[in-house]
Structure formats: structure tokens, C-alpha cells
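Hi,

Here is the structure I said I would pass on.

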Amino acid sequence: MDDGENEVEPLPLRHRLKDFLLREQKRQNDAKVQVDFSVDQNSFKERLRFYCIKNQRSSLRVRVFYLSLKVLSCILYIFRALTDTEDQHKWASIIWVKRNHSLWAAQVSVAVICLFIRILLTYLRYKGNIWQQVLQLAFILEMINTVPFVIGIFYQPLQNLFIPVFLNCWLAKRALENMVNDFHRAIQRTQSAMFNQLLILISTIICLIFTFICGVEHLQRAGKKLSVFDSFYFCIVTFSTVGFGDVLPDIWPSKLLVVIMICVALVVLPIQFEELAYLWMERQKSGGDYSKQRTESERHVVLCVSSVKLDLLMDFLNEFYAHPRLQEYYVIILCPAEQDVAVRRVLRIPMWSHRVIYLQGSALKDQDLVRAKMDNAEACFILTCRCEEDRNAADYQTILRAWAVKDFAPSCTLFVQILKPENKFHVKFADHIVCEEEFKYAMLALNCICPATSTFITLLVHTSRGLEGQHSPEDWHRIYGKCSGNEVYSIVLKESIFFSEYEGKSFTYASFNAYNKYGICLIGVCPDNTKKNILLNPGPEHIMNPLDVCFYISLTKEENTCFKTQTGCRNSPKTQPPTCSAIASMGAVAIDLQEISIASSLGASLSTETNMVPVLELPDSPSLQTANLFSDQSKCPCQPNTGDEGSNDYVKGYPPDLPYIGSSPILCHLRKKKTPKCCMKLQKTCYHKDEEDVKAYGLKDKLIIVSAEATGNGLYNFILPLRASYRPENELCPIVLLLEQEPDAEFLETVCWFPMIYYFLGTIDSLDDLLRCGVSFAASMVVVDKESTMFAEEDYMADAKTIINVQTLFRLLSGLNIITELTHPANMRFMQFSAKDCHSLAFSKLEKKEREKGSNLSFIFRLPFAAGRVFSIGMLDTLLYQCFVKDYMITITRLLLGLENTPKSGFLCSMSITEEDLCIETYGRLYEMLSSTVGDIPIGIYRTESQTLEPPETPLSQMSDKVSVFEEGKDQEEQHQALHCESPDIQTHSLRRRSMQWASNLLGPWHAERDADRQQRGVLLSCSERLELTELVKKRMQNLGLSTHGFDKMNNNQSSHSYALINPSPDTKLELNDIVYIIRKDPLSLELYDTDIKKSWRSDSQIRERNTKNHL
């Protein structure tokens, strides 16, 4: 059958209307039933129960009234005892007492009301078992204290019956406890266990003393009568176990009461004290609360961590309280774990005990956030435990904590530390974020092309006054320690004494003149029209505006600087500058040319003052093309290519495949076609190549090898700064990844667009793997800390395997630049360890002395750290802490490391001082020359000094016949003048002698006796051992079929030490092979600026031609 046949036809309209009318009539006729819910609550008993018991506020009033009645009854009893004048010493006086009628009436009234309230509450609490209510101790005491008074109303002889009304103190104690509980319920207070227990203890002691006093006083009516005060005196003497014996009970009932009360006190009070002690210990573990009253007059920050380590805590406290304006702040530590013994010991030090509060709790619980008063906190620091086996799991915990804090206190400033870069986008809402792997890999990468970048950045983000090493006789200790105190500060130009006079001038002009006049280094600005973008060295095209925020490097901020004008040089005769400084004097010319060209292009006249060579004539070229002064002329970074393609089939563009969400797009050198994945693996043959090692690609020098456990998104941040577009193509170094595990396909798909990226499967433990991947002719070897070894039962043993492997590699290839990452900064002392090196032992002594003085940078004199050969990401935690005072530090650090690429912002690079550049003589003249010609801003020097040992036959005793550095007869200035008066050879010999004396004095006299013999044997042993290891490596290379050409030259390494100087003084002498850190302006902005200048000059020439034609 069809579907149409199954359909039921609708009723006619009249039938439907009839049904509707019938339903309406039935609805009106049906009776409605009203349903009342919770009928039992409308009864009289339920209403009373709600008012007297269930409702917190009304029941609180009832209990307060009942408590006041019980206290009044005790007061009336004391009044009756004080007014008792009966002197008969009979046993009947214990049972019968005399009361006046007014006192009896008052006691009867109180008793009747208390009895009524007790019976009412018993009735309301009745639930079917009457004996459970009647047999309660409180009900029995109530009957004893009230029923005799009620009976005395009807039977007059019982009016003088003694009634132990003083036992009402126990009922008052019970009423007080119930009242406090109702009060806490009414105000919704949950953290009151400690208060309740303390209240119970105090009330119990008061009740025991009051019962003892009243009982002894009444029983002694049958013996030697005691007053109330005498009974109080006897009670205190007895409970305090003093027992003078001047007041004694003389009848057996009193003595029995004393025995009973002592037994009760020995049983009850220890239990109460134990409960209180337990709650106190638990409170100490959890940390208690931070009271709301303190937040009204005090400021505090909250530190949220999963576990508190002593090193992390001390780094945070030392850096946070290093700023003077934070001395009055309180630090609340919110941690779910119990306090460590070492942490508890440190927090008890008076320096920290009054301003650091430890709270055991979780940031995911609102009640713990309330305890920490998170909504009133100035900031919240959320740190991640980097020692976890699963670093992603640690990040997930940090993300949840950040979400919980943001949900609870949206207005609280949030500082978040993340380990993995792919997890960073989950906390983008945070005010300040530091991703550990981003900064770590970027620093390790820049260490390969700008030596000791990690040391430079670490010193820059640490707070120090530059007093480290000032008492050392070593010159490099003093200058290195003083320069380590430089930090980055900011100030608005119109409010600054440093920069206000350069309003309307170019950035490079202001930077050099401020450095020349005040010794500070202007590195960047935040233009007034952007308010957000920080520009490092925007170049001479940027004109300083009054609302610009200036960022400068200095030993202290301008607000704490005292200005003293040096007038002594005005009376000195003017001298002619030497011939070698003629090239430096060109700086003032170039600065004036820039000012004139800018003024002509803007249509404004900007006058400049100079005391150098005057400007005689305006050149025809629009700008001085001196960018190739210190670099290769073939590829100068300041002269970008006009085309997009390079000579090696490279193009400039953004990476097509980003490894994770949130990675910053940076313009890089890319290949036109991505490298086949098979060609990226060195030891695997494919149809593209027929070799199995790195020689197949023709890699020779400047090879960078990265030893890692596995690939990750962090390695992308290692490649990114080395392939940035502002790096010249001739400076692009091949990168070989030495991996223990096969790389992911996604990672290879990301990095195959970058030129000269290869990987090799092997381990750093195997010498064959190292030689096959090209370590014998590598420029740098980067050893990344393995995630699998970051966790150990003993924390500091996490770096054991890395340290031993690097030490082995250092012994085999002493000329290789090895850059190592460690988990714990304290393990840096084991890098390149030598038990027989007197300098290393002396540096250890110096480090201990600096630590005893309270220095936060005691580790800076370790030679591997000073040279940038070792780095720990834990030292970069201070970057996040500093952002509480300097909110721009993360942005500036990211710009320096190349993690961000802001238009018109410069980048960090370096230049080497050659023999031709020594004519510049000083760092100040170099600053003037670079800023005025190519627009670069130098910010520091990386210096290497050789450690030429004394001849073995020279005994140590002969080296101390001259002036001692610890001699008290001479002033330090006289010694310094005498030192400079000596010839260079004598001066070098004297410095070396003083260095050896300093090391010997630090190590003690026992070392001086054996130093000569040990030095003679050490030189011979080290030479023979080095030759033996060199021959071993060469034989192994020959067995593997590798060429040994140039290996001896690479392995011939002289003993030397290197260190970084941040913003040295202008009169610092330049030395051969010095490497100068430079912030170079953006090549793209230079190209645009030159185009604008050409257009302006072209328009000016057209106007002049038109005016000439009109004149003719």
C-alpha cells in the first residue's frame, strides 16, 4: 500500500472547535490543588529550631545571651563569697550558707532563665532518644546549679542551701566554644583551627583555676578559713609547682579536692597542649596566612613554584631585594611541597625572616590564593621546575597555575617562566614571559659568532654595583669586575640630564656624545609615536624627540648619579692631536655631515658644536659610504643587496614552515629549493652523493657542531640567529647536528629550507663519531645539556656525564672552542678542571671571598664563564625577576639575541681589531668612528690575554724580591705610578710576578714551597701528554680515512684567558685581536633612508635647476 493510503484524514473544523470548547469547560470546572513543600518547617517547633539552632546569626545571639548569664552567675557567687562573714568552723558550714534576699533573688532569676533555655534547647534537639540528651554532662551540671534555686522558691528552708554555682564556668566555656563556632560559620571563616584550639586551652586553664579557687575557699569554711585571694594565691603556687607552704589546706575535703584538681590538670592540660602543638606544627608546615590588614599598609609579591630549591630561592631573593625601592616589599612563597630543611634554615635568618613568608598550598585552590592575598599582590611570579623528567608536564603545571591566578586575580601582574617554546602561546595573556629554550639556544648560537655572548647577557641582567674583584692585584680582575656592574636603564629624554641637550639630534650623535661626556652607552629608544616598539640603534635617520624613552647602559641609573664638572683640563694648553688619530677625527666630520644632511632633508636648521676638525665643504655624495671600513668589502651587512637572491642560490624570506605556534617570523637566508632530507644526513649515501662523511660537502672552516640528545623546537631557535637576513652570506657557517636519536620528520621539513644544515647520528662519547662529523676542523662545538640527565637523585650530579665528556674532548682537542650548557651554575668550577693549575685554585679562593662578601656574581672570575665557554640557563632566571622593576628587559634581550625582528631595529654582531685598527688607540675613538661613519654602536669588548708562564728555572723566591702587592708601606697610587714608569718588558714581568704572588698568598705558604718543582714537572708532563694525545687522534683519523691537514695548527693552543667588558671607559686601550660587540643598524632601514635622502637631494637639485632657468 502507498503512504497516502495510510494517512488519517484530519477532522472537520466543527469537530475540532467542539473538542476545544469541551476541554476549556472541563479545565474551568476542575478544582485546583495547591501543594505546599516542606510543611514540617512551618510548625512552631521547626521555627524555634531554625531561630535557636540552624540560623547562624540568631543562634549566635542566643548563645551570647546564655554566655552572659553564666558569667553573671559566677560573678554573683564571687560576690557572695566576698560578703560571707560567718566565722563558725563547723562541718555544717559546708552545706549551708547565708545569703541576703537581694542576692538570692538575683541568683534565682538567673537560674530560672538558664533552666528554661537548657530545657528548650534539649527539646529542640530531641530526635527520639531522651536519655541521650538527659545524660549529657552539660545537662547534669545545669540541673545541679539551677534546680535547687527553683525548689527554694517553694520551700524556704532550702534558700540557704549551698549550691556549687562556680561550676557554671564550665558551662560558660562550652557556650563560648559554640558561640565562636557559630561566629565563624556566620562570617564564612574556614581557617580557624589554631584559634579554636588556643581558645579551648585558655578557657580550660581559666576554668580549672576558678574551680580550684572557689572549691578550696568553700571547703576551708570548715577549717582554717581562707579568703578568695588566699585561695587564688594557693592555686597559683600549687599549679606552678613552686609550693612555698605558707598557705595550706588543713582538712581532708580540701586536701582531697587539691589532689583531684591536680590529677585533672595533669590529664587535661597535656592533651590540650599536644593538640595545640600539633596544630602549630601543621601551621608551620603550611605557613599560615597573610593577614588582610597587612595588605592595607604593606606591599607584597607572590612566588608560585612546584618545589623550592635553595639555589632558586636565593637567586630570587638576592635579585629582587637588590633594588633599593623593593626593600619594603614582602615575598609570599606559595608551594604545594613541604619546606626543605635547607630552605627552612635560610628563612629563619633575620635578613629574610621578617619579609619572606612560606605558605604551603596550591595555586589551583582559591582558598590558598586567598591565604596569599593574591588579589592584593603587586605581582605573581610563576616558575617552572626545570629538573623534572618530563619537561612538557612541568610546563602544563605552570600553564594551569597561570590560568588559575589570572582567573582569581585578573589585575595582578603576571610573570611566567616556560621551558618549551611550543607551550608559550597558552600563556600569551601574561604580562612577561621567558621561554627557557628560546633564550638558551639563541645564546649558544650567538656564542659561536660573537664570543661570550652568554657571559655578556648574563652580566647585563644581573644587579651588581661593580665591586667584584676590586681588591685583587690583577688588573683584568678589577676592570672586569667593575664593568660587570653595568646594567640597562631607561629614562624619558626631556626628563634626562644625559640626553635632553640632544633633542633634535640624530641617534648616533646623541649616543657618542653622551658616551664621551658621561661614559654611558645609549643603545636604543622607544619612539614617542609607537609607545611599544623598542628600537636598538635605529641609526642616524632617527631624530631624538622629547618624549622618546632612552635605553642606556651604565653603572647606575641617572637618578642615583652625582654630576661633577671637571674644570682642570680647561687651563691645560691645547695640544695637537697625533697623526694616528687623524682617522678618528673624521668622526666629528661625519657626524656634522649627517646633521647637515638630515637638516636639509627635513627643512630645519640643526646646529652642531664640535671641537674637532671643522667642516669645510659639503660633499657631493648624499652620505659617506664607509660601511666597509672594518668588514669584507664583498659582502657588507650595511650595504644590502638590491636583489633578493644571493650568489649561492640563496634568497631572503620568511621560513615557510614554522615549527610551533607563536614563533616569531624573522627574515632569514633560505634556499630556493629545500634540501632533500637524504642529503642532510652525513653518514648515509644516496643518489645525490657518494661519500659517507662530512667531506662530501666540502666543509672546511667555521663549522659549527651541536651535540644534542634529540631534535626539538629549541634547535630551531639555534639555527634562526645564525641564518638571519642581516648576517652576511660569507659569514654563514655550516651547522652539523650531532644527534643520538633520529630527528623527527617535522623538524627536518622545517630546517631543510635553511642553507648548510646537516645532521649526524652519533654521540659525544664516541671519538669516531666526533671525527666523522668534522670536529677536527670545526670552529665551535656546542654541547647542549641532555633532558634525560637533568634529573638525578643528587641534584648537582645531573651534569656529571656532560662535564666528563667535555673534559675528555678538551684534552683531546685543546684548540677547539667548546661551548657547554650546564644545569647547575655551581658546576662551572669543574669545566676545564686542572688540579695542578695555581691560577684555577687562586680563582676558587677569590670566588669564596666574593661569596662571603655577599656578591651575587661570585662565579664571574671562573675562566670558562668569563670566556663564554660555559653557560647555565639558571643564571638567566634573574631576567624575569628584573622585569618587575625594568619591564623592558625581556624585549631588549630578545632583540639582542635575534629572537625578535622589529623594523628599524639593529642587531648584535662583532668586529675584530686588526693591526691596521690599532692606530685608533682607544675605545672612545673607536666609538666615535663607528657611530659617525657606519652608524654602529659599540657596547663592549671581548679580550683575550695570554698566560705566559715564567721560565721553569726561575724559583718563586726570586719573584718576590720586588715590591709586594700586600706591602703596607706604600700607597696603592704610588705603586700604580711606579708600575707605569717602568718599561713595557719590565712592566709585563712585574705584572706576571704580582699575579704569581697573589695566587701564592691566596693558596697559603705550603703552596709556595712546592710551586717551583711542580711547575717544572707540570710543563714537561703537559707537553708530553699533549703530544701523545695529538698523535692518538691523528692515527685514529688516518684509520677512518680522514685528512689530518691542519690538525696540528688547530691543536696548538697557548695558555690564555678571555673575558668580556661591558661598556668600558673611553680611555681603554685597544689591543690586537680584541673583539668589539656592536649593535649594527638594520640594513633595510639604511636602504630606505638612503632612498629618501636621494629623493630629497634629487628634488633639491630640480628646484635649483628650475630657479636657474627662471633667472636666465
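Before the notes, one term: when I say residues meet or are in contact, I mean that they have heavy atoms within 4.5 Å of each other. Also keep in mind that this is a predicted model.

Let's start with a helix pair. H19 (residues 453-460) packs against H31 (residues 889-897) with 12 Å between the axes and an angle of about 165 degrees. Angles over 145 degrees count as roughly antiparallel, so that label applies to H19 and H31. Their crossing is right-handed.

Which residues of H19 and H31 meet? On the H19 side they are Thr453, Ile457 and Leu460, and on the H31 side Met889, Thr893, Leu896 and Leu897. Sorted by class, this contact of H19 with H31 is made of five nonpolar and two polar residues, with no charged ones.

Next, the sheet. Six strands form an open sheet with parallel pairing, in the order S15-S14-S13-S16-S17-S18. The edges are S15 (757-761) and S18 (870-872); each has a single partner strand, so one side of each has no neighbour in the sheet. On average, neighbouring strands here are turned by 20 degrees against each other, direction ignored.

Within that order, take S16 (residues 778-783) and S17 (residues 817-822): the two run parallel and are joined by four bridges. Met781 sits opposite Ile818 of S17. Helix H27 (residues 800-812) lies across S16 and S17, and it runs at about 175 degrees to S17.

Cheers

How values were computed:
Residues numbered from 1 in each chain as written. Predicted model: local features only at pLDDT ≥ 70, side-chain atom pairs only at ≥ 80, totals over all residues. Heavy atoms only, no water. Pairing = 2+ DSSP bridges. Axes fitted to C-alpha atoms, helices over the stretch in contact; angles between N-to-C directions. Parallel < 35°, antiparallel > 145°, perpendicular 65-115°, else oblique. Left-handed = near helix turned anticlockwise from the far one by under 90°. Nonpolar A, V, L, I, M, F, W, Y, C, P; charged D, E, K, R; others polar.
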